[in-house]
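Keep the model open as you read.

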Amino acid sequence: MTLQRNSLSNATKMIFSDFKKIVIKVGSSSIVDSSSEDVKTKWLKSLCKDVKSLHNMNKKITIVSSGAIAFGKKDISPNKLIKKLDEKQAAAAIGQIKLAKEWKDAFKKYSINIAQILLTLDDSE
């Protein structure tokens, strides 16, 4: 289900009314503009508004976000595709900081705190 961009419609609210917890997966292409390699600010603000609406309905929201490599790429290799693992890891390390800041800044308007969860292999077994 795609969340509406201006606010949640009554139909959307009804769909989510039966759920206590909602997981939203955000892919790199949703949050990062491929040409500028910057955040899609308008899109992110709209998503945050939708999340606030769900939050106001007492929903527990988890956002799973890609985008760290995409945000860090221009600092590592601005003019070429990153292929090597060590370059991807470096881009992810740089981009993760930028990505977390974008999420924090976007949700600040709605007084919603964000956190990063770090998982280990033991967490998944």
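How many helices and strands does the secondary structure of the protein chain come to? The answer is 5 helices and 2 strands. Helices here are DSSP runs of H or I with at least four residues, strands are runs of E with at least two, and both are numbered from the N terminus. Along the sequence, the pattern reads α-β-α-α-β-α-α.

A word on the basis. This is a predicted model, in which local features need pLDDT of at least 70 and side-chain atom pairs count only at pLDDT 80 or more, while totals for chains, interfaces and linings use all residues. Residues are numbered from 1 along each chain as its sequence is written, and side-chain values use heavy atoms, with hydrogens and water left out.

Now the overall picture. The C-alpha trace spans about 45 × 40 × 25 Å along its principal axes. Of the 125 residues in the chain, 28% are buried. Buried means under 20% relative accessible area, exposed means over 50%, and partly exposed lies in between (1.4 Å probe, protein chains only). Take contacts (heavy atoms within 4.5 Å) between residues at least 6 apart in sequence: 64% of them join residues at least 24 apart.

Turn to helix H3 (residues 41-56) and helix H5 (residues 85-108). They pack at an angle of about 55°, with axes 9 Å apart. Axes are lines fitted to C-alpha atoms, for helices over the stretch in contact, and angles run from 0 to 180 degrees between N-to-C directions. H3 is therefore oblique to H5. Angles under 35 degrees count as roughly parallel, over 145 as roughly antiparallel, 65 to 115 as roughly perpendicular, and the rest as oblique. On the H3 side, Leu44, Leu47, Cys48 and Val51 make the contact; on the H5 side, Glu102, Trp103, Ala106 and Phe107 do.

H5 also meets H4. Their axes come within 6 Å and cross at roughly 115°. That makes H4 roughly perpendicular to H5. Among the H4 residues in this contact are Phe71, Gly72 and Lys73, and the H5 residues include Ala91, Ile94 and Glu102.

Is lysine 73 buried or exposed? This residue of helix H4 (residues 68-76) counts as buried because its relative accessibility is 15%. Leaving aside residues up to four places away in sequence, lysine 73 touches Glu37, Pro78, Lys80, Leu81, Ile82 and Ala91.
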